[in-house]
Amino acid sequence: MDRYPDILEDILHFDEDSDDEWDMLLAETKREEESRSKRRNKHRGSVPGHRIIRRGRVEGHERLYHDYFAPNCVYDAFFRRRFRMGRPLFLRIVNGVEQYDPYFVQTTDAIGNLGLSSLQKVTAAFRILTYGTPADSVDEYVRIGESTAIESLRRFVQAVIAVFGDEYLRPPNNNDIARLLAIGEQRGFPGMLGSIDCMHWKWKNCPTAWQGMYTGHCHEPTIILEAVASQDLWIWHAFFGLPGSLNDINVLERTPVFATLTEGRAPPINYRINGHDYTMGYYLADGIYPNWSTFVKTIPCPQGLKRKHYAAAQESIRKDVERAFGVLQARFAIVRGPARFWDEETLAYIMKACIIMHNMIIEDEGATNDNDFDGSGENPIVQVSHVHTPEFVDFIQTHHQIRSNASHSQLQSDLIEHLWQQYGQ
């Protein structure tokens with residue numbers, strides 16, 4: 001009754017002798033009721049203004065299953081191209097994510113309708129990662145809404161990091177270092193652990209207040225990824241999140257790439273070049289990096305055959321990290337195009353998850369020469385000691401050894417002679 005206060009007031013003051021006014025009042029009441037009925041029927045559900053779209057989730061799951069996962073699926077030959085990995089590896093990731101986060105388990109709603117399956121949610125997340133498409137573009141095939149696709153993507157990358165991060169995004173253990181040293185010896189660089197460089201990821205939706213801090217030589221907001229990669233394109237170190245206004249030296253001052261070495265937790269490395277003994281591995285780097293004993297750089301203007309041969313070899317092998325960046329961006333187009341998310345945390349999760357799956361693909365496709373990546377042979381647990389002076393002295397000594405210009409020059413000279421004796425003559 002209280003829904004029509006104006007009409008009720010007219011009724012209470014109505015003149016019973018006026019039939020025309022009574023008919024007009026009834027007509028007005030009918031029109032008002034029809035108008036309210038139309039407004040109520042426009043939107044359905046418990047949320048005012050929320051539209052219900054009957055997408056056919058069950059039919060979408062059945063079509064997805066018969067297209068890619070059934071025994072005689074339609075697109076069996078195209079699975080590797082469209083998912084960037086083999087079907088067994090994809091199902092392994094789906095099972096791990098589903099066991100970690102109940103969000104990916106298919107459930108029913110209050111009236112018994114089946115929700116989205118784990119294959120639909122993970123496939124939507126994969127399409128966004130691999131093709132770099134907007135979230136609403138997966139709706140037509142996977143039958144998943146835009147907001148649900150974004151939520152699935154965020155939960156998926158976090159689950160991948162939690163389930164597979166410790167195994168596929170970790171520093172090299174003793175077995176890994178032995179293999180990397182053997183590969184470096186074969187390529188003419190004894191003691192080499194890989195190559196290091198930085199990559200910029202454009203941030204399209206960077207907040208306006210932050211754009212000055214994140215804009216550098218690219219003339220647009222970017223976020224920096226520092227990585228170390230080996231010949232098989234395995235990424236051993238990933239440090240992401242610094243603003244694009246910094247250069248490689250600024251990133252190096254903040255990175256934990258040498259943390260295990262300075263803290264005394266790195267596996268021992270011993271090798272001999274041109275009659276000189278060395279106890280620290282090194283990375284191949286470009287010219288902007290400092291002259292430290294842990295970096296081997298090229299010679300800008302080499303003079304003489306020996307130096308020219310060394311510069312060509314160093315610049316060629318240093319491209320391993322550039323190749324790793326290229327393959328990472330080819331597999332996951334989301335890190336090649338502009339980032340559309342607003343928060344740095346989500347972007348960091350996406351980058352780390354893509355690197356983890358990149359390493360999983362390398363292991364699955366056999367590019368690692370049957371290397372053991374299950375964590376066996378890792379370093380023993382370091383017991384905490386309360387004797388401060390010896391550890392601090394060792395820390396300072398190692399810190400100075402890493403930044404030694406004399407060791408850098410000696411190592412470069414020895415490598416020039418070694419490469420010339422082995423391959424130049």
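Reply: One definition before we start: helices are DSSP runs of H or I with at least four residues, numbered from the N terminus. Q401 is found in one of them, helix 16. Bear in mind that this is a predicted model.

Me: How many helices and strands does the protein chain have?
Reply: The chain has 425 residues, and 43% of them count as buried. Its secondary structure comes to 17 helices and 7 strands.

Me: What share of the contacts with a separation of 6 or more comes from residues 24 or more positions apart?
Reply: Contact here means heavy atoms within 4.5 Å. Among contacts with a separation of 6 or more, residues 24 or more positions apart account for 68%.

Me: Which strands are at the edges of the open sheet?
Reply: The sheet has 5 strands in mixed pairing, in the order 3-2-1-6-7. An edge strand pairs on one side only. That puts strand 3 (235-243) and strand 7 (295-296) at the edges.

Me: How many bridges join strand 2 to strand 3?
Reply: Strand 2 covers residues 222-229 and runs antiparallel to strand 3.

Me: Which residue takes a positive phi in the hairpin of strand 2 and strand 3?
Reply: The hairpin has 5 residues between the strands. The phi in question is near 75°, and it belongs to L233.

Me: How many residues of strand 3 are buried?
Reply: Strand 3 is an edge strand, pairing on one side only. Even so, strand 3 is mostly covered. Of its 9 residues, the buried ones number 7.

Me: Which helix lies across strand 1 and strand 3?
Reply: Strand 1 spans residues 192-202. The helix covers residues 174-186 and runs at about 100° to strand 1. This is helix 9.

Me: Which residue in strand 7 stands opposite Y283?
Reply: Strand 6 (residues 282-284) pairs with strand 7 in the parallel sense. Their pairing covers 2 bridges. Opposite Y283 stands F295.

Me: Is T294 buried or exposed?
Reply: T294 sits in the loop between strand 6 and strand 7. Beyond its neighbours within four places in sequence, T294 contacts F258, L261, G281, Y282, Y283 and I402. Its relative accessible area is 0%, and the cut-off for buried is under 20%. So T294 is buried.

Me: Which residues does Q401 touch, not counting those up to four places away in sequence?
Reply: Q401 counts as partly exposed, at 32% relative accessibility. From Q401 to T262 is 139 residues in sequence, but 9.5 Å in space, C-alpha to C-alpha. The residues that Q401 touches are M280 and S293.

Me: What distance separates the C-alpha atoms of D394 and E263?
Reply: D394 lies in helix 16 (residues 388-402). At 43% relative accessibility, D394 is partly exposed. Along the chain, D394 and E263 are 131 residues apart. Their C-alpha atoms are separated by 8.3 Å.

Me: Is helix 5 roughly parallel or roughly perpendicular to helix 6?
Reply: Helix 5 covers residues 87-100 and helix 6 covers residues 118-131. They pack at an angle of about 115°, with axes 11 Å apart. Therefore helix 5 is roughly perpendicular to helix 6.

Me: How many residues of the contact of helix 5 with helix 6 are nonpolar, polar and charged?
Reply: The crossing of the two helices is right-handed. Helix 5 contributes F90, L91, I93, V94 and E98, and helix 6 contributes S118, L119, V122, T123 and F126. By class, the residues are 7 nonpolar, 2 polar and 1 charged.

Me: How are helix 5 and helix 15 set to each other, oblique or roughly antiparallel?
Reply: Helix 15 covers residues 344-364. Its axis comes within 10 Å of that of helix 5, and they cross at roughly 140°. Roughly antiparallel requires an angle over 145 degrees. The two helices are therefore oblique.

Me: How many charged residues are in the contact of helix 5 with helix 15?
Reply: Helix 5 passes helix 15 in a right-handed crossing. L89, R92 and I93 of helix 5 meet M357, M360, I361, E363 and D364 of helix 15. The contact has 5 nonpolar residues and no polar ones; the charged residues number 3.

Definitions and conventions
Residues numbered from 1 in each chain as written. Predicted model: local features only at pLDDT ≥ 70, side-chain atom pairs only at ≥ 80, totals over all residues. Heavy atoms only, no water. Axes fitted to C-alpha atoms, helices over the stretch in contact; angles between N-to-C directions. Parallel < 35°, antiparallel > 145°, perpendicular 65-115°, else oblique. Left-handed = near helix turned anticlockwise from the far one by under 90°. Nonpolar A, V, L, I, M, F, W, Y, C, P; charged D, E, K, R; others polar. Pairing = 2+ DSSP bridges. Buried < 20%, exposed > 50% of the residue type's maximum accessible area, 1.4 Å probe, protein only.
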